[in-house]
Amino acid sequence: MFLYNLTLQRATGISFAIHGNFSGTKQQEIVVSRGKILELLRPDPNTGKVHTLLTVEVFGVIRSLMAFRLTGGTKDYIVVGSDSGRIVILEYQPSKNMFEKIHQETFGKSGCRRIVPGQFLAVDPKGRAVMISAIEKQKLVYILNRDAAARLTISSPLEAHKANTLVYHVVGVDVGFENPMFACLEMDYEEADNDPTGEAAANTQQTLTFYELDLGLNHVVRKYSEPLEEHGNFLITVPGGSDGPSGVLICSENYITYKNFGDQPDIRCPIPRRRNDLDDPERGMIFVCSATHKTKSMFFFLAQTEQGDIFKITLETDEDMVTEIRLKYFDTVPVAAAMCVLKTGFLFVASEFGNHYLYQIAHLGDDDEEPEFSSAMPLEEGDTFFFQPRPLKNLVLVDELDSLSPILFCQIADLANEDTPQLYVACGRGPRSSLRVLRHGLEVSEMAVSELPGNPNAVWTVRRHIEDEFDAYIIVSFVNATLVLSIGETVEEVTDSGFLGTTPTLSCSLLGDDALVQVYPDGIRHIRADKRVNEWKTPGKKTIVKCAVNQRQVVIALTGGELVYFEMDPSGQLNEYTERKEMSADVVCMSLANVPPGEQRSRFLAVGLVDNTVRIISLDPSDCLQPLSMQALPAQPESLCIVEMGGTEKQDELGERGSIGFLYLNIGLQNGVLLRTVLDPVTGDLSDTRTRYLGSRPVKLFRVRMQGQEAVLAMSSRSWLSYSYQSRFHLTPLSYETLEFASGFASEQCPEGIVAISTNTLRILALEKLGAVFNQVAFPLQYTPRKFVIHPESNNLIIIETDHNAYTEATKAQRKQQMAEHIANYISGIQTIGHRVIVSDVQESFIWVRYKRNENQLIIFADDTYPRWVTTASLLDYDTVAGADKFGNICVVRLPPNTNDEVDEDPTGNKALWDRGLLNGASQKAEVIMNYHVGETVLSLQKTTLIPGGSESLVYTTLSGGIGILVPFTSHEDHDFFQHVEMHLRSEHPPLCGRDHLSFRSYYFPVKNVIDGDLCEQFNSMEPNKQKNVSEELDRTPPEVSKKLEDIRTRYAF
């Protein structure tokens, strides 16, 4: 059995977040790490919506992340500490939308080890050096500089090792342009190790140590070290040089302390506590994360306690001495793993669990009634200040990023009778828990719905002028009339637009710079900007049946299959081309592409005929209306749409932005199938067709804009959006009711919306969460959900929720005693099939047990040879079980065909389970069919089908909020092909952080019989010449390879 791994939803929990100007412009961006994924987010400063620009799998564990900028630079680089034993510096390239690896310096073994650096990163605030530290002993300092060509350079590492020392946190101290200085929280355990009485261990104090990088002598000196009263958990750098007093703030249990060397006395202030706190008052309170905001004139820190309360911390200075620390309660938000204060006035909170938030900082909390606590206020030792938590006052929520992390349990079932199953996911922690229902689809926000005086059959939007940012009119066509609505503060009917209102409209568009064209059954109406109207009437009894228009061209089909072509001349006049073209059959649909920037016309016209063919016809003056190519179709076409997609934004010499993509002809058939075919921009040939079944009604296609690129809205019994996002094509259904006709819509409130009609209503919709695979409906829960079952008759969900691990010590000891008496360690799950019981153990993998009815005994007849810390298991068949362990591995184990579970009678009775003491193992062993390291703890596994008519796959969900599937290969040649793709990508496209892909996937057990689809799909984001090299090695073309990648995904999932 060979499996292929695909991620459907990437992990959503965030472990680190940093901010800076990574694209080199003035825009503030956030880089977050989600375990083994790096993601670049950009909050829109106007709307506050957070957009994802780039997501990259790094196939390694990201252990630390820092932004730094060279002195005087305008662009931030990203330093990554990972489990690869290498320090990696990345730069974001906005033109290619990718992270480029600038430096990769190897210093140690791979894996997360105690003495190999990577766990802590600290950057000199002036961007001159970076320190990377291990948990124990080793610290390395790299000097960063620029060469003559202004490229970033990195020195060889300088060692700052100290044996027998544990490190808790490291920061760069802001010393202006003095020698760079790093502060560490350390603890020396040498004495404790050598003292058998344990006294030294009790007396060991944590120290604050300063390391100085002497730029003149080019080495690192341990400058100064002092023991600390309380045990600190992290440090905050205080701005220095000309901006502030320098030094560090030490956050420890119940206290925050300011320290600096020299004559500076320590300033210490207790952490305030909630008045009438419900938590245990004896328990200490610590700060868990902080964010610094610094302008030319002032600075402050926001620090968050483990209850979620944020305090604003400021320092009072006299000359260069700090005299007091002031704390003021700011607001309460969910406990964060990281916080970032952006220059644009936003606070980004990456929650530890649950959704992430972007807040606007509305007030700095300076002039409110909230009491300010100071280190200068007299207090008895051990006392603290009290404050009253309240709803948000200084922060305003502007955007929420959905996060499923942590997914504690998931079941997949079609309880809503929608054909496609839903995922029921129990996620969250404590009072922020929720049960979420996930459906495959894009979330649609309804901006407006208004009723119309009848059932319309079409809708369009047009601008008044080509330079306009927003649309001016919505045109709605009925069976015998046309309604024109103007778009402003409100949408109102207008009569002076120049459109003919007494006839249905076939199409309309902006023509040239500022004229409009309306095509109706009896002719073409050309409305100039000064409201002059030119008409072209159809000859004789003929009427116009179909038409295609763009900014400069109009093509119409008359009854009987006659094509008439018009093109706009430089004076803005529409001119009919001298000849007309008779088609061999009736025309059922037509499409023109948009005019490419800087050109006079679109070169191709696509025409769909009754005889189940699509023809491409040239509109070039040299061979106008000559047929170029043709494609036969399996059914009659319903609509056509030519779009340019998949282009990366390129700037030409003049700085004009345009995208260079591929031309695609989308064909919607009457049987509900969508075809996407590549249209050659030179010859007009059609090649590389992809097919998807969309629904039971004929497919209508509409061109819309999404994130500045062209996309196609396809409507059948449900609506789908085909768009290109992060160099991959997505075809996703909209989670919305059936629509009949649509057009792109742009207004101030909704810059990239869609206006659509459904029966007798006009709807304005927006799709904001592009790239999302699932849309979510969340139901809040009171406590952390652990498991749930679906009641088969009533379809009710029965959930078990628990919080507060509140056993007394005595009860715990008693429970441990009970557990020790029985099976290996602790049973984590039981599955049954036939006579067999498969027990999964918390440490000893699987045990196969048979129940003997006559003796009323449970007898073990087989077990596994590996220790596995099983979290969840799922039966695949009578002999096979899939399991996941807490280290992030998935395995499939199978009993060999000759396994015998008819355990013979044993008169001595020593086959009985309980009398055998601890298991020295059963006589029969299971075989391992597959091993695979996912990299995130998997908490649920289920064998199921995700799409109607699809094949079965094994779906897993992870603690970090990821959802993935393992699918079986159906043929040997497929497996062979993907094995080669994976092999070539490992060598041609190595992971970003320097970890070896093969060894990452074999972290605990050598990877066996699984091919990593996440790596294979990076083929689409490789450079074109590398794609060509790899596909030539496989005897294919790049489109054929990406088609194979797309096919295996759509066969099992989305």
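Two strands pair if DSSP finds at least two bridges between them, and I kept that in mind while reading this predicted model.

**Entry 1, strand 79.** I followed T957 in particular, because two strands count as paired through their bridges: T957 is the bridge partner of S940, and T957 stands opposite I963 in strand 80. Strand 79 and strand 80 form a hairpin with 4 residues between them, and G961 in that turn has a positive phi of about 95°.

**Entry 2, burial.** I then checked accessibility and noted that 6 of the 6 residues of strand 79 are buried, so the strand is largely enclosed by the rest of the structure. In a regular strand the side chains alternate between the two faces of the sheet. Here S953, V955 and T957 point one way, while L954, Y956 and T958 point the other way, and all are buried.

Most residues other than glycine have a negative phi, and most peptide bonds are trans. I looked up some exceptions. A cis peptide bond, with omega about -5°, joins S405 and P406, and P406 is in the loop between strand 33 and strand 34. K531 has a positive phi near 70°, lies in the loop between strand 44 and strand 45, and counts as partly exposed at 44% relative accessibility. D1035, not a glycine, has a positive phi of about 60°; I found D1035 in the loop between helix 7 and helix 8, where it counts as exposed at 70% relative accessibility.

Terms used:
Residues are numbered from 1 along each chain as its sequence is written. This is a predicted model: local features need pLDDT of at least 70, side-chain atom pairs count only at pLDDT 80 or more; totals for chains, interfaces and linings use all residues. Side-chain values use heavy atoms; hydrogens and water are left out. Buried means under 20% relative accessible area, exposed over 50%, partly exposed in between (1.4 Å probe, protein chains only).
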